[in-house]
Amino acid sequence: MTRRHPIDKVRNIGIMAHIDAGKTTTTERILFYTGITYKMGEVDEGTAVMDWMAQEQERGITITSAATTCTWKDHRINVIDTPGHVDFTAEVERSLRVLDGAIVILCGVGGVEPQSETVWRQADRYQVPRIVYINKMDRVGADPEKALKEMRTRISANPLMIQIPLGIEEDFRGVIDLVEMKEIDWGDDLLGTKFEVREISDENKREALKKRNEMLEKLSDSDDQLMEKYLEGDEISPKEVKRVIRKGTLSLEFVPVLFGASFKNKGVHPLLDAVVDYLPSPKDLPSVTGQHPRTLDIETRKASDDEPFSALVFKITNDPFVGNLSFFRVYSGKAKVGSWVYNATKEEEERIARLLEMHSNKRKDIKEVYAGDIAALGSMKNLSTGDTLCIRNHPIVLESIKFPEPVIAAHIEPQSKIEHSKLAEALAKLTREDPTFQVRQDPMTGQTLVYGMGELHLEVLMERMKREFGVRANLGKPQVAYKETITSSAEGEGKYIKQTGGRGQYGHCKIVVEPIKGGETFEFIDKTKGGVIPKEFVSSVKQGVMEAMEMGILAGFPMTDVKTTLVEGSFHEVDSSSIAYKIAGSLAFKEAASRAKPVLLEPIMSLEVVTTDEYLGDIVGDINARRGKIEEMEMRGSSRVIKAFVPLEEMFEYATVLRTLTQGRGVFSMEYLQYAPTPKVIMKEIIARIEGRIPAHR
């Protein structure tokens with residue numbers, strides 16, 4: 001069996017944007033025009049193909065990233081529609097890890113909104129080439145110039161206009177293509193399938209020539225050949241212009257900008273053309289690198305069917321018909337049903353029972369996958385997000401996906417005793433699917449705690465538990481997920497010596513703890529010399545330290561950003577054992593950490609409030625009262641935008657307060673920024689609350 005599309009005709013793209021910018025609507029149009037669906041789905045009516053989850057249809061938002069495959073102009077396009085709500089940022093993160101290019105949708109009225117900034121930063125981190133589609137050009141207040149200006153100032157982008165809108169607001173009819181120098185006019189066709197491509201009319205000619213020259217000027221900066229022609233006044237063909245736009249897009253030098261109104265079906269055809277013309281195929285990107293699981297040598301894989309097979313699992317979902325579905329991206333080689341794949345992350349081998357091409361929540365069985373493909377594996381037992389699949393005699397572990405830490409927690413308990421085991425099973429399945437959802441035991445009460453990215457995140461998961469797993473559970477009031485750390489170095493000694501009849505227990509170690517920065521949450525170094533502690537017991541000391549860190553020393557919160565160095569110790573020929581060193585390690589850590597000026601860390605949120613001038617004073621006063629720090633204030637149109645950093649502890653039920661302060665006119669968005677030390681007064685309050693067994697923010 002041979003592949004249907006050559007690798008240079010494959011596009012793996014994501015559609016990303018702020019909530020409500022029109023991501024899902026645009027994706028629905030793409031599916032319709034590429035022949036995947038026969039009727040356009042609408043988010044407002046709850047009929048969007050990509051928002052297939054019942055809750056997505058009810059809430060009108062995207063919760064999970066949905067994958068689908070379509071064909072345009074002989075190119076295979078794998079599309080992932082990602083959520084816009086900040087609570088589901090993990091879905092964007094995992095999608096970006098496996099995509100080659102992205103369409104970032106901006107609202108023609110709202111411009112660059114807070115979540116647009118977040119997804120842009122995420123795409124920057126993964127070095128993903130992108131094109132920008134300014135949507136909702138038919139809406140009152142649409143302002144393309146403002147959107148372009150905000151791209152430059154707010155996300156430091158370098159926009160390249162390759163179209164100009166034909167009309168604006170209710171007069172928006174289509175676009176002028178500056179590459180081909182043609183007008184594309186959809187007129188009043190509601191379906192968007194009929195449009196006229198014509199020469200540029202006299203009234204628009206001057207503006208089009210001016211904008212084309214601006215575009216060519218920018219392009220000539222990145223290509224000597226084009227510069228020569230431009231300076232000499234030679235004719236520059238559309239083919240040549242496309243070549244240079246593609247080159248600059250792939251090198252992240254600039255971002256092509258297109259315009260449209262997806263809801264009115266205008267502008268989607270040129271957008272599909274731009275995906276094919278300017279976004280990369282797997283072949284255009286550097287070879288993927290990873291490590292050999294045993295030797296830790298750097299391994300590389302080219303995007304070719306002839307290379308050894310390698311793939312990354314980026315998402316697990318629970319499907320009622322197929323069981324576990326594991327979405328994966330093939331980076332090199334090929335695999336077929338019936339063949340064995342090696343999970344290099346877990347060092348296990350499993351046979352491929354089923355390969356599926358996904359169309360949102362519908363699926364089609366396929367026999368084989370090739371380099372560059374995105375597909376799903378059915379009925380694989382032990383796969384997790386971030387696992388690398390390869391072949392045993394050419395093993396590689398690809399860089400996994402890093403997810404943000406959950407910042408909110410709540411107690412959970414089943415509504416009846418019979419549902420205890422069902423609840424545990426449902427929680428286990430949901431944590432496999434969603435890496436930002438975690439389950440732990442509360443060390444103080446023994447109750448089950450669930451951690452997530454926000455109140456909406458936990459709410460949605462509770463709803464899913466009821467609908468998909470038939471488990472009814474009660475969720476306690478959401479509380480902040482604090483952490484603990486140390487602020488100075490200190491030494492600690494741990495001795496565990498127990499003499500009973502017969503063989504005793506002996507473990508003894510000295511450690512030094514110090515704070516670390518730079519994203520490393522824990523580091524353990526063995527600096528003992530001369531075998532004072534036998535090598536086989538060093539890992540037991542490390543295990544004891546890690547267990548002590550889980551419990552913390554101030555208020556039972558997990559510890560982070562700590563470097564531990566094992567410096568000294570002793571052992572007993574007969575009595576030393578793993579368990580004794582584990583206990584000694586734990587005791588040494590507790591002693592050292594309590595001397596190292598421990599502090600509580602709390603999640604700080606980045607807050608953006610949009611309001612009018614009349615409510616400004618009240619909002620600023622309220623933010624200050626919440627221990628917030630105002631970062632900047634700016635005008636956006638006739639509105640005032642306040643940006644601030646505020647502790648999450650102070651932000652529960654803020655939506656209600658803001659509504660009251662602004663008579664329902666203010667809107668806000670908030671996302672996790674970082675963990676920071678809690679002020680001493682607040683820290684003492686929290687510790688006292690916990691020691692006094694008053695319900696704690698845990």
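Where is Asp373 found? You'll spot Asp373 in the loop between β21 (368-369) and β22 (374-378). Those labels come from DSSP runs numbered from the N terminus: helices are H or I runs of at least four residues, and strands are E runs of at least two.

Before going on, note that this is a predicted model, where local features need pLDDT of at least 70, side-chain atom pairs count only at pLDDT 80 or more, and totals for chains, interfaces and linings use all residues. Residues are numbered from 1 along each chain as its sequence is written, and side-chain values use heavy atoms, with hydrogens and water left out.

Asp373 is buried, with a relative accessible area of 7%. Buried here means under 20% relative accessible area, while exposed means over 50% and partly exposed is in between (1.4 Å probe, protein chains only). The side chain of Asp373 also reaches the backbone nitrogen of Tyr370, at 3.0 Å.

Now for the cysteines. Cys107 counts as buried at 6% relative accessibility, and so does Cys509 at 0%. Searching the whole structure for disulfides (pairs of cysteine sulfur atoms within 2.5 Å) turns up zero.

Grid points are joined across faces, edges and corners, and a volume is the space filled by probe spheres set on the points.

The second largest pocket holds about 790 Å³ of space. It is lined by 30 residues, and the closest to its centre are Arg97, Tyr126, Pro286, Val288 and Tyr331. The elements giving two or more residues to this lining are α3 (89-98), β12 (288-291) and β15 (323-332), with α3 providing the largest share, four residues. By class, the pocket lining has 15 nonpolar, five polar and ten charged residues. In this scheme Ala, Val, Leu, Ile, Met, Phe, Trp, Tyr, Cys and Pro are nonpolar, Asp, Glu, Lys and Arg are charged, and the others, Gly among them, are polar.

As for cavities, there are three of 30 Å³ or more. The second largest cavity has a volume of about 50 Å³, and its lining includes Val341, Tyr342, Glu348 and Met380. Both β17 (340-343) and β18 (348-351) supply at least two residues each to that lining, which divides into five nonpolar, two polar and three charged residues.

Note on methods. A polar contact is a pair of N or O atoms within 3.5 Å; within protein, one must be able to donate a hydrogen and the other to accept it, and residues adjacent in sequence count only if both atoms are side-chain atoms. On a 1 Å grid over the protein atoms alone, a cavity is a set of points where a 1.4 Å probe fits but cannot get out, and a pocket is an open set with protein on both sides within 12 Å along at least five of seven lines; lining residues have an atom within 4 Å of a point.
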